[in-house]
Amino acid sequence: MSQKENIVLLNGKYVSWKDARIHVSTHGLLYGSGVFEGIRGYQDRSKAQVNIFRLREHVERIYRNASILRLKPPVTADEFSDGIVEVVRRNGFQTDVYIRPMIYFGEGGIGIKPKGHSTDYFIFATEFGNYFGEPRPLNVCVSSWVRGTNNSMPPSAKISGSYVNSMLASVDAMEAGFDEALMLTHNGYVSEGSGENVFIVKGGKLITPPVSADILEGITRDSVMRLAADSGIQVIERDISRTELYTCDEMFLCGTAAQITPVGSVDRRTISNGAAGEITSRLMRAFESAARGAEKRYADWLTPVYE
Ligand SMILES: Cc1ncc(COP(=O)(O)O)c(C=O)c1O
């Protein structure tokens with residue numbers, strides 16, 4: 001199906017892709033004052049069902065983040081969840097999908113304060129495969145762009161405007177011949193990728209930056225931590241120094257779009273012989289099984305779309 005034929009939920013109405021338009025005075029466009037989510041739907045092994053991955057957690061997160069911007073969504077969280085499922089259902093997707101909901105200040109005046117602006121939302125979805133193309137370990141770099149801080153543009157709130165920070169880092173990385181950028185905090189510790197959390201493996205243990213390292217507290221990160229704990233791998237949240245990136249045993253990025261993607265080099269220094277490490281590969285398999293509905297104990301992570 002061409003994306004141009006997709007049905008979009010815009011402020012409570014299901015409209016065609018070409019009619020999903022917003023006004024030039026939209027505050028979220030002028031000032032980036034919106035919160036959004038990226039959610040995946042996975043075909044199960046029978047290919048007859050599409051299951052939305054950790055829908056409840058994504059909706060809880062966008063509602064929590066809306067409150068940071070003082071956005072008052074015009075629908076309840078349950079209605080919003082139903083809308084997400086319904087968008088996938090109405091489009092009849094029989095593939096893996098990526099869903100993009102957003103809540104933002106809409107049409108109104110010109111000022112920075114969003115007084116008098118409506119609170120709008122949309123939900124659209126598209127067929128989606130691998131974010132980084134053919135699966136292979138990534139060549140990443142440490143970006144000269146520093147991660148935004150919680151006291152300036154809180155990365156934890158998934159605010160649309162703060163993604164300019166991610167865009168600058170990822171486009172510069174690509175122009176320099178890398179697949180992705182890792183950003184450091186203002187204190188010089190590892191924060192995260194432009195759209196992914198980062199894990200390293202040292203001596204059989206998983207290490208990931210803490211929430212205080214200006215990260216988005218990823219739902220995939222949480223899933224990885226649970227999968228690791230369930231298979232007896234110790235997970236430590238602590239600051240990571242730049243040089244640890246060069247000397248670790250394994251590294252991977254994780255996020256809704258990236259899923260679990262191994263890293264083969266950082267700043268042209270090879271990690272785990274440039275291949276996916278053993279713990280990374282184990283976690284990738286466990287994640288794939290859980291997302292495809294093959295593991296009963298993670299069944300509550302999945303919301304089926306079709307009857
Ligand atoms: C900056 C950033 N970090 C981390 C993540 C991973 O978060 P999640 O696993 O909830 O998709 C994302 C993805 O949305 C992101 O944009």
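Which residues in α5 meet which residues in α7? Before selecting them, note that this is a predicted model, in which local features need pLDDT of at least 70 and side-chain atom pairs count only at pLDDT 80 or more, while totals for chains, interfaces and linings use all residues. Residues are numbered from 1 along each chain as its sequence is written.

**The helix pair**

Select S223, V224, L227 and A228 in α5, and then L283, A286, F287 and A290 in α7, which they meet; two residues are in contact if their C-beta atoms, placed from the backbone, lie within 7 Å. Helices (H or I, at least four residues) and strands (E, at least two) are DSSP runs, numbered from the N terminus. The contact of α5 with α7 is made up of seven nonpolar residues, one polar and no charged, where Ala, Val, Leu, Ile, Met, Phe, Trp, Tyr, Cys and Pro count as nonpolar, Asp, Glu, Lys and Arg as charged, and the others, Gly among them, as polar. Now show the axes of α5 and α7 (residues 278–291), which come within 10 Å and cross at roughly 110 degrees; axes are lines fitted to C-alpha atoms, for helices over the stretch in contact, and angles run from 0 to 180 degrees between N-to-C directions. The two helices α5 and α7 are therefore roughly perpendicular to each other (angles under 35 degrees count as roughly parallel, over 145 as roughly antiparallel, 65 to 115 as roughly perpendicular and the rest as oblique).

**The ligand**

Stay with helix α5 (residues 219–230), which provides the largest share of the shell around the ligand, three residues. In total 14 residues surround the ligand, and the closest are G218, I219, T220, G255 and T256; a residue is near a molecule or strand if its C-beta atom, placed from the backbone, lies within 6 Å of it. Colouring this shell by residue class gives three nonpolar, eight polar and three charged residues.

**The two domains**

Next, colour domain 1 (3–127) and domain 2 (138–291) separately, bearing in mind that domain bounds come from an automatic or database domain assignment. Their centres, taken over C-alpha atoms, are separated by 26 Å. Domain 1 brings 22 residues to the contact and domain 2 brings eleven. On the side of domain 1 that touches domain 2, at least two residues each come from α1 (27–31), β3 (34–36), β4 (39–43), α2 (55–68) and β6 (97–105), and α2 gives the most, with four residues. That side of domain 1 holds eleven nonpolar, seven polar and four charged residues.

**Single residues**

Select V85 in helix α3 (residues 77–91); not counting residues up to four places away in sequence, V85 touches I52, T303 and V305. V85 counts as partly exposed, with 19 C-beta neighbours inside 10 Å (a residue is buried if 20 or more other C-beta atoms lie within 10 Å of its own, exposed if 12 or fewer, and partly exposed in between; C-beta atoms are placed from the backbone).

Finish with two loop residues. R268, in the loop between β15 (259–266) and β16 (269–270), has a positive phi of about 65 degrees although it is not a glycine. N273, in the loop between β16 and α7, likewise is not a glycine and has a positive phi of about 55 degrees. Most residues other than glycine have a negative phi. R268 counts as exposed with 10 C-beta neighbours inside 10 Å, and N273 counts as exposed with 9.
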